[in-house]
Amino acid sequence: MNEIFGMPLSVIAGQTLLGLVNGCFYAVLSLGLAVIFGLLRIVNFAHGAFFMAGAFGAWMLHRYLGVGYWVALVVVPVLVGAVGAGFERSLLRKLRGLDPIYGLLLTFGLVLVLEGGFRLLFGSSGQPYPVPESLRGSVQLGFMILPIYRAWVIAAALSCCLLSWWLIERTPLGAKLRAATEKTVLTQSFGINVPLLLTLTYGVGIALAAFAGVLAAPILHVNPAMGSNLVIVVFAIVVIGGMGSMFGSIVTALVIGVVEGWTRVFYSEASSTVIFVLMALVLLLRPKGLFGREGPA
Amino acid sequence: MSEALLVIRDLCAWYGPSQALHGIDLEVRSGEIVTLLGRNGAGKSTLLKCVMGIVSQRTGSIRLAGRDLLGLAPHEVGRAGVGYCPDDRGIYASLSVRENLLLPPVVAGGGMSEAELMALFPNLKARAKSAGTQLSGGEQQMLAIARILRTGARLLLLDEPTEGLAPVLVERIGEVLVDLRRRGYTIVLVEQNVHFAAELADRHYLIESGRVAGCFDSAALAADFNRVAARLGV
Amino acid sequence: MKRRFALPPAAVRLFIAFAVLALVVVPWLPQVVYPVFVMKLLCMALFACAYNLLLGFGGIMSFGHAAFFGSAAYITGLATKHAGLTPEVGILAGTLGAALLGALIGSLAIRRQGIYLAMITLALAQMVYFLFLQLPFTGAEDGMQQIPRGRLFGVIDLRDDRALYYLVLVLTVAGLALIHRVVNAPFGHVIVAIREHEPRARSLGYPVDRYKLVLFVLSAALSGLAGSMKALVFQLAALTDVHWHLSGDVVLMALLGGMQSVLGPAIGAAVVVSLQYYLDAFGGWVTLVTGVIFMVCVMTFRSGIAGALTRPADDTQAPARRPD
């Protein structure tokens, strides 16, 4: 049988794949957002902007220094993560203890600065970034064609999520993080340098976003607005999935990506709004989110 | 007479605009067990929190082996060799029992090893993989004490360790504390249970309304027991 | 407790009187200041104060208020351009449309609080953005152009800048007066009680959610009024009117001008609009500079300009610290 609901199987499979790829970006971003929110109680609006900075970082390395994809994949997250950590240490830290609104506002301001800055430097139109040699081409699977790069993105993103999960749930460092999230003051009294831990966490969360940016560079057009369009969707995902759960964020992100892809097949105009409709539904039926275990209503 | 390990002079503390401690003078000698007795709200827990830096609005002086604690950042007090057991035990729900035990970093040599602690508290070994808060109250108390014994801290601050525990467990904790004193630990104990305190400790401070209302050794406490107990509302 | 410079209330009233007088005189002095510029300022001032009704007064942060402003603009455009109705009907339609949208979005958003509420409003506003992007009559990126100013009540020709100016002035002042009225009415007192201690308000028997929703709708409606007026002034309704950048701008105005007072955000609006007007000549710098100002504002001026000037001498208005 080669058709489902009147659509050829290859089309559906293709869109499922594309949706999965998008879902992977959503997953890495929502993971970073969830971790930062869980530990620092900051809604990091700038997450999308750092994603964009990661993509631009890869592009700039390629354009101005001739540095290739594989090096960028390692170097750019480290650099951007360091910038993020510096931002936390110098500015964000001062808002600790205040209403989380201030953190949202400060990071919103940062988005304007980053987006405006990049637009000034490179203009609004997208810059192309080549797919690395070793990942070009595609594999014929019979029911669909699988571009190798997209398969790589899925593998890399999921590995990233798995690694993060393992780090947080199964290592002593992760134990310190979880402890600091649950009881910050007590954890500090044991001699654990919690402020440093928070800075590092923010830096790593940002590095994750930048990593996703490098992954995205060959697929999306590298342009200053690429982050904000994504971050609002990620916000919706996090509302749907529930803020308290890392696992919930990842699963929801992947599912949303696929659902978005399917919507594009059958009713393409709605594809950009379907996630918000879903969010509205979840809010009506299950306000805590699908996997939510966060206390604050 | 051993030298003073913890010296507190004229300690005043505030929670926001309200003052909780009004000029506390206190001394704990090395190897002693000292109890802070007093009614609810007298300021005993606040005193411990001031030493740990958890209460930040403080004036006066707190010295550990001559070293000023007031100027330290909150995470440096633990590193200076002070172990703290809060009155709600402070066991983490998001950590397993073993992770709870291993969380506080080792700050000095001489702390007990994981194996020694599992031997001292066998219940913990059996439940090592459960979430911290799945333990019973008594087990959580044991865990809270055990984890600071691993760090090498020589001054232990315990806030109401026997609260809400069955007599059998209270006795067990008493045994542990006596054993610790034998090993050379210095312990400051906040207690409502006067009997427990009387049997165990070397000296007692009576705290009332944020001030030191009296200081006596065990003999003096025994002699005047009923009057002291009355003041505590027991 | 530092003593801050505080203006006595009498001085504030004098300042307002002077400002109103100056505003009345504006159309007669086009060499001094361009009336269309002031009209934009008035619209944004109303928008910012309407927004602050929810944020500063109600303690509810919405991050999607552009949805109300922009949809009212589009609705007004629809009414006057496509349906050929007179401008006052167009404005009414836009305002009511915004109110309806406010009821819809508000009822969903109020189910959560704080950060979650903000994120929900952002996401829903984004949905509105996409809707307007795709609907046929909105003209997508070009926007709905050549919205006719028409004749007010079929009589007064609003193509005369002067006439339109006074309409905008009257409506803005009316809107601000309404906000002031609401703040000082019994309804306003209940809102304050809810803001300061919601559980207690609930236990006293107040239908808290209904109060919040009413406040939301009010804020949305007045934001819509601002948007409708703006559509007539510039004869244009565009996607920038529903973009989240505008939602952010209005937060900045409230923050900058002062969230603690009714008219504070109007000052913030004046600053931001003027800034954007003058920076526009420098192209891409607008976003960057706005962002920098935003960040500086958040870090230092947490009560904004008006708050710093008129705050009582002690620190009772300091931002609430989260207990750990």
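**Notes on the predicted model**

1. Start with α6 of chain B. Eleven of the 13 residues of α6(B) are buried, so the helix is largely enclosed by the rest of the structure. Keep in mind that this is a predicted model.

2. Which residues of α6(B) are buried? They are B:E139, B:Q140, B:Q141, B:M142, B:L143, B:A144, B:I145, B:A146, B:R147, B:I148 and B:L149. The cut-off for buried is 20 or more other C-beta atoms within 10 Å of the residue's own.

3. The cover comes from several elements of chain B. Strands β6 (82–85) and β7 (155–159) are among what covers the buried residues of α6(B). So are helices α3 (97–102), α4 (114–120), α5 (122–126) and α7 (167–182).

4. On geometry, α6(B) spans residues 137–149. From first C-alpha to last, the helix reaches 19 Å. That is close to the 18 Å expected at 1.5 Å a residue.

5. Now chain A. Helix α1 (residues 9–40) packs with helix α10 (residues 246–266) of chain A at an angle of about 150°, their axes 6 Å apart. The angle makes α1(A) roughly antiparallel to α10(A). The crossing of the two helices is right-handed. Residues in the contact of α1(A) with α10(A) divide into 17 nonpolar, nine polar and two charged.

6. Last, the chains. Two pairs of chains are in contact, and chains A and C share the most contacts. What about chains B and C? No contact joins them, and their closest C-alpha atoms lie 11 Å apart.

How values were computed: Residues numbered from 1 in each chain as written. Chains lettered and ligands numbered in written order. Predicted model: local features only at pLDDT ≥ 70, side-chain atom pairs only at ≥ 80, totals over all residues. Contact = placed C-beta atoms within 7 Å. Helix = DSSP H or I, 4+ residues; strand = E, 2+ residues; numbered from the N terminus. Expected span 1.5 Å × (residues − 1). Buried ≥ 20, exposed ≤ 12 C-beta atoms within 10 Å, placed from the backbone. Axes fitted to C-alpha atoms, helices over the stretch in contact; angles between N-to-C directions. Parallel < 35°, antiparallel > 145°, perpendicular 65-115°, else oblique. Left-handed = near helix turned anticlockwise from the far one by under 90°. Nonpolar A, V, L, I, M, F, W, Y, C, P; charged D, E, K, R; others polar.
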